[in-house]
Amino acid sequence: MDKDAARFRVLLAEDDTVSREFLCEAIRACGGDPTACADGPTALTHARDGNWNLLILDHQLPGMNGEAVLSVLRSDPGGAVPFPPALATTAEPDSARMILLEAGFAQVLSKPISLDALRAALAPFGCEADPLDDDGALHVCGSLPAVERLRRLFAEQELPRIQDEFEQC
């Protein structure tokens, strides 16, 4: 069987660069084939043009939030039937979770997204690997320099931002 043919297709809409790259690598490590974008209008275009197994939409996308993207897709008479499941991601308080679930998202992943939560969300699609496994990271990224660049990006950009958020609390 063609291994690539068995990969599940994921449309990921996430405006934060580090989060987007991390999620793409984790999806690949779990056997998925992600296509990523950084704003709502692009997510809507990709969602209409693709044959997706799963949509992962950030709640606060620029141009059009994830809830609005899902609403347009669900009301589109020419849309995909059956519609792929959609997961929301959000850094907002728990009150936003109910709004997103009522909007039609199958699940809401809270940011920062734990690896266990991501793997559990991808399990129905055949998530098969540990996204932080060094051998798996090397396999997914293709080279040790690519793994090192991704880790450096996380350490230099994401960790300082998280530390600033904690210090503001």
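## Starting from Thr89

Leaving aside neighbours within four places in sequence, Thr89 is in contact with Glu14, Ile56, Leu57, Asp58, His59, Leu109, Lys111 and Ile113, where contact means heavy atoms within 4.5 Å. This is a predicted model, in which local features need pLDDT of at least 70 and side-chain atom pairs count only at pLDDT 80 or more, while totals for chains, interfaces and linings use all residues. Residues are numbered from 1 along each chain as its sequence is written, and side-chain values use heavy atoms, with hydrogens and water left out.

Thr89 belongs to strand 4. Its relative accessibility is 1%, so Thr89 counts as buried; the cut-offs are under 20% relative accessible area for buried, over 50% for exposed, and partly exposed in between, with a 1.4 Å probe and protein chains only. Gln60 is 29 residues from Thr89 in sequence, and their C-alpha atoms are 8.7 Å apart.

## Ser110, a partly exposed residue

Ser110 sits in strand 5, residues 107–110. With 36% relative accessibility, Ser110 counts as partly exposed. Not counting residues up to four places away in sequence, Ser110 touches Thr90 and Arg97. Asp94 is 16 residues away from Ser110 along the chain, at a C-alpha to C-alpha distance of 8.6 Å.

## The overall layout

The chain has 7 helices and 5 strands. Both are DSSP runs numbered from the N terminus: helices are H or I with at least four residues, and strands are E with at least two. Following the sequence, the pattern reads β-α-β-α-β-α-β-α-β-α-α-α.

Of the chain's 169 residues, 36% count as buried. Among contacts with a separation of 6 or more, 59% join residues 24 or more positions apart.

In soluble globular proteins, nonpolar side chains tend to be buried together. Here the largest nonpolar core has 18 residues, and Leu55, Leu57 and Phe105 have the most contacts inside it. Strand 1 (8–13), helix 2 (40–49), strand 3 (54–58), helix 3 (66–75) and strand 4 (86–90) each supply at least two residues of this core. A nonpolar core is a set of buried Ala, Val, Leu, Ile, Met, Phe, Trp, Tyr and Cys residues joined through side-chain atoms within 4.5 Å.

Beyond its neighbours within four places in sequence, Phe105 is in contact with Leu57, Gly66, Glu67, Leu70, Ala86, Leu87, Ala88 and Leu100.

## Cysteines and a charge over a ring

How many disulfides are there? The count is 0, taking a disulfide as a pair of cysteine sulfur atoms within 2.5 Å. The sulfur of Cys24 has its closest cysteine sulfur in Cys37, 9.5 Å away, which is too far for a bond. Both cysteines are tucked away: Cys24 is buried at a relative accessible area of 7%, and Cys37 is buried at 6% relative accessibility.

Arg9 lies over the face of Trp52, at 4.2 Å from the ring centre. The rule for a charge over a ring is that NZ of Lys or CZ of Arg is within 6 Å of the ring centre and within 35 degrees of the ring normal.

The mean pLDDT of the chain is 83, and 83% of its residues reach 70 or more; pLDDT is the predictor's confidence in each residue, from 0 to 100. Confidence is highest in strand 3, at 97, and lowest in helix 6 (residues 134–141), at a mean of 63.

Residues 1–5 have pLDDT below 50, and this stretch has 2 contacts in the model beyond near neighbours in sequence. Where pLDDT is low, the predicted coordinates should not be read in detail.
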